[in-house]
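Take them in order and find each residue as you go.

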Amino acid sequence: MKLLVLFFLLFSVSTLIAQSDTNLGFLPKVVLSKKINNHSKWVNSLEQRTFFYDDDFKIAHSLIDFSTIYSTRIADNQSINLGYILRFRNSETIHRTFQHYNFIGSYNALKIANRIAFEQFYQPKKKTTFRTRYRVSLEKPLNGERVDVKEFYLKIGNEYLYDFADNDLEIRLTPYLGYQVSNKDKIEFGVDYRVGNFLNKATENAIWFRTTWYISID
C-alpha cells in the first residue's frame, strides 16, 4: 500500500514539473441513491465545475452535470450500471450515455474496486463520439478493519480514459480522504489530478479540488 501511494505521488510531482500548462478548479458534487430492491438501486448526482486558475487567470464557471444511473448487482462482488448525463457547458448542451461493469475484491481491511466503462457523447451538429475508460481504486479504513460511523478512510484511484475520436489518452489520479458521517451519508475530500493529450505529447494538466457528499435516501 505504501509503495503504491509513493508511486502515485512521484508520478504526480514529476508530471507537474515537466509540464507548465496547468489549470486549477473546484468540483463539488452531491450524490443521492435510493434502493429499489435487494439487487438494484437508483443513483442521481449533481456536479459543478469551476476554474479559479487558467490561462486567463480568472474565475470561470466551466460546466454543470446532471446524471442518473440504474445499478444492478449481478453477483456478490459484481454489478452493472446504465446511465445518462446531461451536461451544460457554456452555450453547449451535451448528452452522454454510459455503461459500467464493476467488480470488487476485498483483502482484509483493503477494498479494491475496478470499473470498465463505455461512453457515448451526443452534441448538436457534431458526430457521435465514443470513449472507454478503466478505473481502479483502493479503499482502507484508518481505524480497524472496516469503516464505522464517525470514522475516516482513505481512497486512492487511478483511471485511464481513451477517446476514439481524438485517438488520445487521459490519465487521472484521485487521492481522497473520506468520513462516514452516519449510516446514511458520507463525505469525501481530495484532489482529482488529470493529464490530458497524453499520447499526442501536448499534455495538459488540470487539478480539481473535489468534495463529494454521498446521501442514501432509502
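This is a predicted model: local features need pLDDT of at least 70, side-chain atom pairs count only at pLDDT 80 or more; totals for chains, interfaces and linings use all residues.

1. Start at Q120, which stands opposite F130 in β7. The strands behind this are β6 and β7 (residues 129-141), which pair in the antiparallel sense over eleven bridges. They form a hairpin, with six residues between the two strands.

2. Now go one hairpin back. Strand β5 (residues 92-107) pairs with β6 (residues 110-122), also in the antiparallel sense, over 13 bridges.

3. Step back for the overall plan. The protein has one helix and eleven strands. From the N terminus on, the order is α-β-β-β-β-β-β-β-β-β-β-β. Of its 218 residues, 39% are buried. If you take contacts between residues at least 6 apart in sequence, 46% of them join residues at least 24 apart. The accessible surface comes to about 12900 Å², and carbon and sulfur atoms account for 61% of that.

4. Next, the charged pairs. Side chains of opposite charge can pair when their charged atoms come close. The count for this model is 15 salt bridges. One of them joins E92 and R89, with the closest N and O atoms 3.0 Å apart. Are these two residues buried or exposed, or something in between? E92 is partly exposed, because its relative accessible area is 25%. R89 is partly exposed as well, at 26%.

5. E139 counts as buried because its relative accessibility is 14%, and the cut-off for buried is under 20%. K111, at 33%, counts as partly exposed.

6. R133 lies in strand β7 and E159 in strand β8 (residues 152-163), so the pair ties together parts that are 26 residues apart in sequence. R133 is buried, with a relative accessible area of 8%, and E159 is buried at 6%. Both belong to a network of salt bridges that links R96, R115, E119, R131, R133 and E159.

7. On the surface, look for a nonpolar patch. I36, W42, Y70, I74, I80, L82, Y101, I116, F118, Y134 and Y160 form it, with about 1000 Å² of accessible area together. The elements that give two or more residues to the patch are β3, β4 (78-89) and β6. Take I74 as an example: its place is in strand β3, and it is partly exposed, with a relative accessible area of 47%.

8. Strand β3 (residues 60-75) also holds S71. Is S71 buried or exposed? It is buried, because its relative accessible area is 9%. Its side chain joins that of N81 in a polar contact of 2.7 Å. Leaving aside neighbours within four places in sequence, S71 is in contact with H39, S40, K41, S79, I80 and N81.

9. Last stop: T212, in strand β11 (residues 204-216). T212 counts as buried because its relative accessibility is 3%. Which residues does T212 touch, leaving aside neighbours within four places in sequence? The contacts are K29, V31, K186, I187 and E188. For a sense of how the fold brings sequence positions together, check T212 against S45: 167 residues apart in sequence, 9.8 Å apart in space, C-alpha to C-alpha.

Note on methods. Residues are numbered from 1 along each chain as its sequence is written. Side-chain values use heavy atoms; hydrogens and water are left out. Helices (H or I, at least four residues) and strands (E, at least two) are DSSP runs, numbered from the N terminus. Buried means under 20% relative accessible area, exposed over 50%, partly exposed in between (1.4 Å probe, protein chains only). A polar contact is a pair of N or O atoms within 3.5 Å; within protein, one must be able to donate a hydrogen and the other to accept it, and residues adjacent in sequence count only if both atoms are side-chain atoms. Contact means heavy atoms within 4.5 Å. Two strands pair if DSSP finds at least two bridges between them. Patches are made of residues with over 30% relative accessible area and no salt bridge: like charges are joined within 9 Å, nonpolar side chains (Val, Leu, Ile, Met, Phe, Trp, Tyr) within 5 Å. Accessible areas come from the Shrake-Rupley method with a 1.4 Å probe; for residues, only the protein chains shown count as cover. A salt bridge is a side-chain nitrogen of Lys or Arg within 4 Å of a carboxyl oxygen of Asp or Glu.
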